[in-house]
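Please open the model in a viewer and keep a selection panel at hand.

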Amino acid sequence: MASIVLGIRFLLEVATVGGLFSGIFIKKSIYQRILFAVLTVTITVVWARYGAPKSPTVLTGNAKLCLELIVYFLGTLTYFFLFGPKIGTTYLVIASLDLWLMYQLNLQGH
């Protein structure tokens with residue numbers, strides 16, 4: 001069960017960055033493209049620095065939970081905005097269940 005939850009977690013991280021990155025190509029307005037490019041780079045750098053389990057500056061406890069909630073909230077907004085409510089809701093449910101299971105199974109690595 002733990003390996004499935006961790007695998008889904010990895011796929012969610014990739015899907016979050018991929019969803020943000022796809023906004024660069026989907027949106028027509030140059031401002032929206034720039035926004036998605038900045039969000040993609042920012043989320044990737046912040047997650048690599050503070051969210052990655054092997055990072056020397058990884059957050060723990062409530063700070064890590066806040067970071068995860070912010071990242072998945074931005075991912076949810078992105079999927080709603082770019083792909084509509086069905087895909088956005090699906091992403092939200094999967095991210096919420098995976099985050100809940102990560103904490104229930106104590107897989108946060110702290």
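Begin by selecting E13, which counts as partly exposed because its relative accessibility is 24%; here buried means under 20% relative accessible area, exposed over 50%, and partly exposed in between (1.4 Å probe, protein chains only). The model is predicted, so local features need pLDDT of at least 70 and side-chain atom pairs count only at pLDDT 80 or more, whereas totals for chains, interfaces and linings use all residues. Residues are numbered from 1 along each chain as its sequence is written, and side-chain values use heavy atoms, with hydrogens and water left out.

R9 forms a salt bridge with E13, with the closest N and O atoms 3.4 Å apart; the term denotes a side-chain nitrogen of Lys or Arg within 4 Å of a carboxyl oxygen of Asp or Glu. Both residues belong to helix α1 and are separated by 4 residues, about one turn of the helix. Helices (H or I, at least four residues) are DSSP runs numbered from the N terminus. R9 counts as buried because its relative accessibility is 5%.

Next, select E68. A salt bridge joins E68 to R9, and the closest N and O atoms are 2.4 Å apart. This pair links distant parts of the chain, E68 in helix α3 and R9 in helix α1, 59 residues apart. E68 and R9 are both buried. Through shared partners, the salt bridges unite R9, E13 and E68 in one network. The whole structure contains 2 salt bridges.

Apart from neighbours within four places in sequence, Y72 is in contact (heavy atoms within 4.5 Å) with R9, L12, E13, T16, Y91, A95 and L99.

Finally, select I34 in helix α2. I34 counts as partly exposed because its relative accessibility is 47%. Together, I30, Y31, I34 and V38 make a nonpolar surface patch of about 450 Å².

Definitions and conventions:
Helix = DSSP H or I, 4+ residues; strand = E, 2+ residues; numbered from the N terminus. Patch = residues over 30% accessible without salt bridge, like charges linked within 9 Å, V, L, I, M, F, W, Y side chains within 5 Å. Areas by Shrake-Rupley, 256 points an atom, 1.4 Å probe, with all protein chains shown as cover.
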